[in-house]
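Subject: A structure for you to look at

Hi there,

Here is the structure I promised to pass on to you. Have a look at it first, and then read on for what I found.

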Amino acid sequence: MSLFDIAFYFFALITVASAALVVFSRNIIYSAFALLFTFFGVAGLYALLGADFVAVAQLLIYVGGILVLLLFGVMLTTKLVSVDMKTGTLQALPATLLFAAVAGALSGVYIITDWNVLAGAPDAATTAVTIGDMFLTTWLLPFEIASVVLLVALVGAAMIARRDARSKPTQQAAL
Amino acid sequence: MELLIPVIKISVVLGVLLGVVAYTVLVERRVAAAIQNRVGPNRVGWNGLLQPLADVIKLVMKEDIVPKQANRFIHDLAPMISMAIALITFAVIPFGDSITLFGQAIKLQIASVNIGILYILAMTSLGVYGITLSGWSSNSKYSLLGGLRSSAQMLSYELAMGLSVIGVVMIAGSLELDKIVQTQHGWMWNILLQPVGFVTFVVASFAETNRHPFDLPEAEPELVGGYHTEYSGLKFGLFFLAEYTNMVTSSAVITTLFLGGWQIPYIGLAGLPAFWVSILQVLAFCVKVYLLVLFFIIIRWTIPRFRYDQLMNLGWKVMLPLSVLNLLVTGLVILYL
Amino acid sequence: MLEQYIPIGFMFIVAIIFGIVMSKLSEWLGPKNPNDVKLSTYESGMEPVLSARERVSVKYYMVAMLFILFDIEVVFLYPWAVNFRSLGLFGFVEMLVFTVVLMLGYIYLLKKGALKWQ
């Protein structure tokens, strides 16, 4: 087994095990915390595949941003922390249907796609350069649309803030 | 053999880093004392030179207290996360050009990765976890407030930090730290080419390391010890060490990005042998980094702390638009000059 | 190109071991005589009142949310900055459009007072 294989199985193990913990843990804080390792493992897998820019973007956005948001959400809600999460089965039928649909779609994509198998690891010395080049030439429209999507999200965030300011005019002084 | 070189490099760098960090604590205490007309620690060893050792022994021998209300697992984990992340960040910083030892060219950088600068930003963003988790797990009001404040502060200033780096990347055309250093030859240090970016980056670094005047997370008058109120012994020591390690690391990052890294302007004209040039460059890097560390320390003892709303306003309403503007101006200058 | 990550892997292992050993050291070597008062949460010498995990201002949540949105913008800017010289004016204008759209959102946030920290 080469070093590459060892690293792959290591990251895969981290990802799968912590993802299982996210789902099965009864304490929501542990769930959120385990998600940290899931994201980290996925970033490791990206790096192994030679997609270093994507790996770092994963760390920057998911670990550095989204997970902090989740932790804030969980930690700042008193009731959630002490509550025992239900991990039993609810609504078995819709869940099964959804599972079948998602699994079917994913395996379908897996089978249909004409996988471009490379002999060795791709020369990823310049992934960021390639990505930038693609963004600003071939995929310009999706790139600019991304900014509009972000704008919509910003406006949404502003709406939440405004409602908060109106409903609680005497907000606590800066904590 | 192939693996031996990185192992040696890592041990040397970590050894030097931890040594410097331990003595920075002493330096800070001596500088503080000098500024306040005191003497400072001078009893342990000659002029207090063994003080760091005494401090560590004292911390090791302390009782390790975990409050009953705390979440034990996360409470234990938080200082480790803080410390480990502080150390890991140093891996991509080039502290010199390559040097030829025993007929083998050795690059004076632990890992030269393509996305070096993004690696540093990513690790900085992980730094939030140690503090947030310690604040939450202690289940003390002071800790929680310190942790919350700190994470919101770090998030806010990370944006300005990321944006000010982009100006440097535009000039260098690369995310690799050694390339960024190489483009800063002669007088072309980025501090001259990117003065606004330099200022925003330094301010953001102060905020990211929770150093004065941004040390709201542990503002003693209001929050006792902030996020590490409920820690004792070496676990408290780890937070302390992590703070100083972060300070040294961010000084190294500032040096690399804006102060020419290991470059000495026009050293080539002196006609020294290559080996000595490399040694001098490593020394130059260390001197630059340490001057910045001293700057961090002196700032702490000269200006008062921000109020939290001032801090957030500065981050969101001044730093963010300023760094975006800097980006546009840099773009125009590169295009038309 | 993956070889360049091996030293970082080493560094991770060393740093984690260092962290674990250091934080366990005083647990192993220090004295152990806990009592109820020592193990209670610190609250300026008073009996702790309620749990610390109370509801906190939603502002913190807002900061994290806005951070993600702007962070995505920053990440998008990096591939552009690397290519800046080769893309020239065309690339600059494209990025200008991208940034201006987001800055409109920023101005809207300012006007709505979402960035006001009371």
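In which kind of crossing, left-handed or right-handed, does α3(B) pass α4(B)? The crossing is left-handed. Before I say more about that pair, please keep in mind that this is a predicted model.

Let me start with chain B as a whole. Twelve helices and two strands make up its elements, and along the sequence they come in the order α-α-α-β-β-α-α-α-α-α-α-α-α-α. With a radius of gyration of 21 Å, close to the 20 Å that the globule rule gives for 337 residues, chain B is as compact as a globular protein of that length. Its C-alpha atoms fill a box of roughly 60 × 50 × 45 Å along the principal axes.

Now back to the two helices. In general, a packed pair is described by the angle between the axes and the distance between them. The axes of α3(B) and α4(B), the latter covering residues 116-138, come within 8 Å and cross at roughly 160 degrees. An angle over 145 degrees counts as roughly antiparallel, and α3(B) and α4(B) are therefore roughly antiparallel to each other.

Finally, a word on confidence in chain A. Its mean pLDDT is 80, and 78% of its residues reach 70 or more. Among the elements of chain A, helix α5 (residues 92-112) has the highest mean pLDDT, at 92, while helix α4 (residues 78-82) has the lowest, at 60. Over residues 168-175 of chain A the pLDDT is below 50, and this stretch has eleven contacts in the model beyond near neighbours in sequence.

Enjoy exploring!

Best wishes

Definitions and conventions: Residues are numbered from 1 along each chain as its sequence is written. Chains are lettered from A and ligands numbered from 1 in the order in which they are written. This is a predicted model: local features need pLDDT of at least 70, side-chain atom pairs count only at pLDDT 80 or more; totals for chains, interfaces and linings use all residues. Axes are lines fitted to C-alpha atoms, for helices over the stretch in contact, and angles run from 0 to 180 degrees between N-to-C directions. Helices (H or I, at least four residues) and strands (E, at least two) are DSSP runs, numbered from the N terminus. Angles under 35 degrees count as roughly parallel, over 145 as roughly antiparallel, 65 to 115 as roughly perpendicular and the rest as oblique. A crossing is left-handed if the near helix is turned anticlockwise from the far one by less than a right angle, and right-handed if clockwise. pLDDT is the predictor's confidence in each residue, from 0 to 100. Two residues are in contact if their C-beta atoms, placed from the backbone, lie within 7 Å. The radius of gyration is taken over C-alpha atoms; the globule rule is 2.2 Å times the number of residues to the power 0.38.
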